[in-house]
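Here is a friendly walk through one structure, from ring contacts to backbone details. Have the model open as you read, and follow along residue by residue.

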Amino acid sequence: MKNKPQIRKAKIAVSLAIVFLVSSVAGNHSFGGEPGSEPNVLAKPDAFETLVNPSCSHCRDEAKRRAGELKSDDRVLAWTRGYSEGGAIPIRFFLAPYRVISDSYGVFVYDPDAGFARGYAPSYEFRFHGWRDGVMVMKHKDGTLFSTLTGLAFEGPRKGTRLQPIPTVVSNWGSWLEHYPNAVAYHMFDKYQPKEIPTTVNPDSLATRRKSDPRLETDCSVLGVWTGKSARAYPIDGLNRVGFIADEIDGQPLVVLWEPMTQTASAYRPIASQPRKFLGPRPDATGVSKPDAGSLLPPGAAPLPPRSLTLHAAAGAAGGPFEDAETKSQWDVAGRCVKGELLGWTLEWVDSVQVKWFAWSAEYPQTSIHGAQSQPAPTKPTTDVAKKAKEIAGTSEFLRLLPKPFASVVAIDPQARTITLQMDGEKESKAWPIEPDAEIKCEGWWGRLEQFKPGDKVWVWLKLDRKKQPMSIVMLADEISRYEIQNLIGKVLKEKPTITRKEFEPRQEAQRAWLRKTWMDNGLPGTLTFHHIFSGEVEVALDHEAMRWGRSLSPGDTVTLLAAPPIKGVVKVVTPWRERTILRIVVGELESSELKIGQRLNVRMTPPPESVDASPYPPDMDRPRSRTERIEWFLASTYCNCFISKSICTGHFYTLASCNPNGCGTPNYRRSQVAKMIDQGMTDRQILDELSKTEGPLLLRPHLLP
């Protein structure tokens, strides 16, 4: 990049007057074409002019220069390390018209057809060339052809070598200007006019595509990660749900960060290095500067070794959306500490790029896929019982069948346990019965019907009869609870912004306190499921909401069944069963004679410490169990974390034990995960810690993916 504005713009010589096809000598691909066929290169070097060595400025200055044209939501390709904390390139003004920029800050490429933009080490010697397998190709001065996605040379004198990628992310101009106003930007002379981002696929690019890997949809957006040994794809749809992923590739930890406001993803090793100040480029004739290790900041600081960190999502944090456990410092999606003890430190970037699946899988045919798609297929049932169960149950999920409309409350009758609703899009209101054990959610937590009032917006799930006609309500949630269930707190929907995390948390905490007092006064809600009058034993299935308190009970604890009159009993067995908790209770000889199987029955117990509610760990963890019982305990204590959306995965909301293993691979995958860790001698706590790192925060709470 030039340091003076009055410098000519480089022109590209047109080396070819016609379009022609040349065969590449790349390795075999796993999908598309005939067996053993090679991908084709469509050479069309005159399709896009390459921009070489444009003049530079800074974001704050260019924001003033083109204030009326630069939009806050303009997409930018930002490099995140080096002089002045990197820089940002507005795509509409530079990369949409030119596609390749050869500069002393980097070689920057943009391929809208394959859905990516990224950067490589500086050079003036690259030019746009054409397409191969639907991915843009550039050509070096020496004649070598490189994939712009992988940086791999597939033809020419440097075949087999790979360009050095530089840390880049795709973000928004407004966000980058706010957080990095001093970052480098290109001087936006009048000749740089915006060109809208293409909305249709370039036919020349499309002509080179081969059949896409069928594991994901062709145009599915992923974050592709290449470690130098292994490739892995993280579907953006799933990443948008969880916000943060702790993973391990090649035996090394890796974190994937997601910024929902700018739709930005990137990957890092959780290893931080202290801040340094770098010089601006001093390029030679080829655009390459001498290596610069940078000087430590603040000046005179003593050199410190890199620090290994444990990162996690920190929703609602003021300075950044991620936090490390060691210092509580906050980090942004660029991998830079923005607040706290480690201010200015940076994480070790891992080669990663947001890209369409067809392109990533074409370049990395052996790529794995994070999440449900990459999990091994469930073991085929080998017993007659399993085979017959599958024939009856099929592969569908319970929640897939249920209507889940939005509605407004017209009236409530807690005594009759009915609610009158005006369904969205319907003219007439209707009174609906609520199932005795229905999930009722208020303020982002469990609640009671009497907490609703006319005018409330609600989300309801309707139970169907055998003719698939709606008959009653099995889940009722207010608007805030719907946001909490679908992981939408702090996000912006098309219709309106949701509640912020700062607004939400006090309201949820107040609801939790209210429900705790309700449990103390009225007991835990449940259903009588077994009654043996001759032995004096009963079984009560506690509702989902009572999971923490119910599972904190131990054999020998005393409880009271709130019948009329109350019945005292002693807990004999506590068994997790999906989202429910089964209590086997011993009572007096004739105390239970009037109880009826199926009746609703509350169980009052001595309140456990508040830490039982606050702890991330289940209260019945590490109790003596057989190997098989431990495995099934994990399924009944954690939730499915597959990427199935549309609010249809039963295991997302009712624990992983409720997933249909005939249709979802996650239950058997989790069983195999847990079994291996048990066989390694790990405790329940150690296993949960490991699962939380790899599977994310939704592992331990009911949720759904919209």
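## Charges over rings

In this predicted model, the charged end of Arg685 is placed over the ring of Tyr617, at 4.2 Å from the ring centre. A second case involves Arg209, whose charged end sits over the ring of Phe358, 3.7 Å from its centre.

## The chain as a whole

Let's step back for a moment. The protein chain holds 16 helices and 43 strands. Of its 706 residues, 52% are buried. Its accessible surface comes to about 32,100 Å², and carbon and sulfur atoms account for 54% of that area.

How much of the contact set comes from residues 24 or more positions apart? Among contacts in the protein chain with a separation of 6 or more, such residues account for 63%.

## Aromatic pairs

A pair of aromatic rings is described by the distance of the centres and the angle of the planes. Searching the whole structure turns up 19 aromatic pairs. Phe94 belongs to helix H2 (residues 91-98), while Tyr192 is in the loop between strand E16 (184-186) and helix H4 (203-207), so the pair ties together parts that are 98 residues apart in sequence. Are these two residues buried or exposed? Phe94 is buried, with a relative accessible area of 0%, and Tyr192 is buried too, at 3%.

Another pair is made by Trp633 and Phe634: their ring centres are 4.9 Å apart and their planes stand at 80 degrees, so the pair is edge-to-face. Both Trp633 and Phe634 are buried. Elsewhere, one aromatic cluster is formed by Phe406, Trp459, Trp461, Phe653 and Tyr654.

## Helix H2 and its cover

H2 is mostly covered, with 7 of its 8 residues buried. These buried residues are Ile91, Arg92, Phe93, Phe94, Leu95, Ala96 and Tyr98.

What covers them? The cover over the buried residues of H2 includes strand E3 (51-52), strand E5 (75-79), strand E6 (87-90), strand E7 (100-102), strand E8 (107-111) and E16. Just after the helix, Arg99 takes a positive phi of about 70 degrees.

## The second largest pocket

Rolling a probe the size of a water molecule over the atoms shows where empty space is left. The second largest pocket has a volume of about 1,000 Å³. It is lined by 36 residues, and those closest to its centre are Pro436, Asp437, Ala438, Asp543 and Arg600.

Which elements give two or more residues to this lining? They are strand E34 (430-442), strand E36 (457-464), helix H10 (501-522) and helix H14 (650-654). E34 supplies the largest share of the lining, 6 residues.

## Backbone details

Most residues other than glycine have a negative phi, and most peptide bonds are trans. With that in mind, a few spots are worth a visit. Asp250 has a phi near 55 degrees, a positive value in a residue other than glycine. Asp250 is in the loop between strand E19 (244-249) and strand E20 (252-259), and Asp250 is partly exposed, with a relative accessible area of 35%. Thr655, which is not a glycine either, has a positive phi of about 80 degrees. Thr655 lies in the loop between H14 and helix H15 (666-679). With a relative accessibility of 0%, Thr655 counts as buried.

Where are cis peptide bonds found? A cis peptide bond joins Leu297 and Pro298, with omega at about -10 degrees; Pro298 is in the loop between strand E23 (295-296) and strand E24 (307-308). Ala564 and Pro565 are also joined by a cis peptide bond, and there omega is about 0 degrees. Pro565 sits in the loop between strand E40 (558-561) and strand E41 (567-577).

Note on methods. Residues are numbered from 1 along each chain as its sequence is written. This is a predicted model: local features need pLDDT of at least 70, side-chain atom pairs count only at pLDDT 80 or more; totals for chains, interfaces and linings use all residues. Side-chain values use heavy atoms; hydrogens and water are left out. Rings of Phe, Tyr and Trp (its six-membered ring) pair if their centres lie within 6.5 Å; planes under 30 degrees apart count as stacked, over 60 as edge-to-face and the rest as tilted. Helices (H or I, at least four residues) and strands (E, at least two) are DSSP runs, numbered from the N terminus. Buried means under 20% relative accessible area, exposed over 50%, partly exposed in between (1.4 Å probe, protein chains only). A charge sits over a ring if NZ of Lys or CZ of Arg is within 6 Å of the ring centre and within 35 degrees of the ring normal. Contact means heavy atoms within 4.5 Å. Accessible areas come from the Shrake-Rupley method with a 1.4 Å probe; for residues, only the protein chains shown count as cover. On a 1 Å grid over the protein atoms alone, a cavity is a set of points where a 1.4 Å probe fits but cannot get out, and a pocket is an open set with protein on both sides within 12 Å along at least five of seven lines; lining residues have an atom within 4 Å of a point. Grid points are joined across faces, edges and corners, and a volume is the space filled by probe spheres set on the points.
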